[in-house]
Amino acid sequence: MSPQEIILLLQQDAEAVADSASRLSPSEQITTLRHVIELIGASKLDSLQVSRALLIAQEILDSSGISLPSRDSADAFRTILRFGVQTEKPRLRQQAIIILGLLGEMGKTAALVFDEGTKQLLNRLAQDRPITSATNSLTSRLENSVNRQRVSSGKSYSIPSIDISKARKNVLEDVKQDWFSDPWGWPEFERLRDESVGKRLEEDECGWTFALDVPKSSDGSRPSILLNPVDRIAFQCLSDELSLVATKDLPDWVFGWRVHREAPSKGTYASNSQEWKLFKKRIQELSQEYDLVLKLDVRSFFETVDTERLVSDLGRSYRKTGTLARLADYFARLRTQRNGDGLPQRCLASSVLAHVPLSAVDRYLSIIGNPIGSTALAPLRWMDDIWLFGNSESHLRSVHSEIEHALGQQGLGVNPAKTVLEECHSAFEDLILDSSGQEDSSAGEQREAFATRLLEIAKSIAESPRSDISFMLKYKGENSEELDEVVLNRLSADGLESFNHAADRVADFLRRKEQWRGYSEWYQQLVRRQADMHSWSIAAWGNMFPIASDASSDFHELHDFFAERFENGIQHSLVPLAVHRLVSWKDGKDIGNPLDYMPKLGPTANFFVVRAIALAAQQFGIDDQEIVKNCDDDYQEEISGIL
């Protein structure tokens, strides 16, 4: 059908249009589809004609056996996506989403189109509430398709002998600090064979990832990414191998995520809790020697690290090209995934390598640091938090400008919202509160001195950063019971959604205090309101519900709620917690076979959610072979490897 014939057809009613499209031969359908896409992209049709053109496209794409070459389907996808974003007609947007879903399932379309530009346009479409769920579902299907294809380029790498068992041990300790808390504790890390990790290191392949959007205390979110266990250990192997190069020139005043100070060796790291104590002690000493401190924070540090430049910088001192090539290709694969830019957050391997883009700042501060005169200056660094002690405000601000310049050379920048110049005694008081996730029992006596201050801060806890909230909820010193009471009152008054950035900490607090029952209905409403498949907070809040159940109506209602979510479109980030709790509560109410939930996950399910169902089925007592048989063919090998 020519473009002119199509335009004439578009003058007819919808039923006649659909009937004409269905009677075309396969070759005519492909030609017609191409012309229809061109007409839509050229903006030569009115809204009624566009609606009928989209109907033709849908009718053709729904036909069995119809397939476009990958490049053509990718071009068509981009054309319809641009149209969907530009049109102001909600009905046309809904039609566009259907067409995009059909095009995205063709061949390698997803791999060709799922880039950063596509993600941004899909995010814009998702702002239209009537199609938010459908758009998020499309995004997940594209991401899942890219993960499934994982076409190897055939490359192989000459990797030096690496201690995989040491990397595994490092990951097992590191995973305790992850954003995502796996209900089963990631049994794969123990069960994976060294051969599987070695094979991953030598071949050009990466496995599945799962994006998690973690709210910040201010607007916005942290783009976290969950690595599959094989890649997590392989990445740690590469980082361990490069750890001496990455940290060999670290000054003594840099603390955390570094090899042992006294006897440095590959992959053997100083205790971060001990590093924190040294950092705190040094701040206390400098607070007595200087009048002022300037505190700087690198803006969105991990996600903005230029990993290509990082690998290039490592290559100046490290000559084993196989290791560097594998790391470079790993980062390149990661960049194709949602939240895959920069370095993965909350990951030891990333934190060790993250010292490299900050090395220019370290060198500059080492040169200008001196303890004498009006330009006296003493620097400290805890990852991307930089503290500068001095007596001259003008000198500190001058150094600030030089640091900004040095960071700019690496494509990084200072976060102005977290830049603070203050007197030293205030800085040390803030440090006692800001534990940065580090346990510090030795600070007990000092913390007691701030009991009254804690009570005042707790009265506006919703406005506090995550670190302050974490400290207050764990506080066991003087007035701790009074503090807990103030916090509980504020949680009730401010509403839990004010604490999304610390959902995991608050959920743990509510569970320990046995206050979760009062928030069960709130949680159910929250989950039903959110359509985001990658929300970290809804999974984190769910941890307020205990693993052990009783016969009360509270657990029965929660059971029915989690089961209902599988029926009505469960958010993928919630699957592990939901199915784990359902199995854990099986004594209180019969849940049936967890494998029954597998087909209810829908076509957007990826390995992250499938593994959760499989592990729940194993916990339930179902035979491993039966579990594997019920999984999609693409996942059976990986599932058998974790059971």
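The model is predicted, with local features needing pLDDT of at least 70 and side-chain atom pairs pLDDT 80 or more, while totals for chains, interfaces and linings use all residues. Residues are numbered from 1 along each chain as its sequence is written, and side-chain values use heavy atoms, without hydrogens and water.

**Helix α12**
- Val 197, Gly 198, Arg 200 and Leu 201 of α12 (residues 194-202) are buried (under 20% relative accessible area, 1.4 Å probe, protein chains only).
- These buried residues line one face of α12, because they fall within an arc of 160° seen down its axis (directions from the helix axis to the C-beta atoms).
- Their cover includes α10 (164-174), α13 (229-247) and α17 (321-335); helices are DSSP runs of H or I, at least four residues, and strands are runs of E, at least two.

**His 534**
- His 534 sits in the loop between α27 (520-529) and α28 (536-542), and its 3% relative accessibility makes it buried.
- Beyond neighbours within four places in sequence, the contacts of His 534 (heavy atoms within 4.5 Å) include Glu 143, Phe 210, Asp 213 and Arg 338.

**Cavities**
- There are 6 cavities of 30 Å³ or more (sets of points on a 1 Å grid over the protein atoms alone where a 1.4 Å probe fits but cannot get out; lining residues have an atom within 4 Å of a point).
- The largest cavity holds about 100 Å³, a volume being the space filled by probe spheres set on the points.
- Strand β2 (residues 221-227) gives the largest share of that cavity's lining, 4 residues.
- The second largest cavity, about 50 Å³, has Arg 200 and Leu 201 among its lining residues, and α13 supplies the largest share, 4 residues.

Note on methods:
Buried means under 20% relative accessible area, exposed over 50%, partly exposed in between (1.4 Å probe, protein chains only). On a 1 Å grid over the protein atoms alone, a cavity is a set of points where a 1.4 Å probe fits but cannot get out, and a pocket is an open set with protein on both sides within 12 Å along at least five of seven lines; lining residues have an atom within 4 Å of a point.
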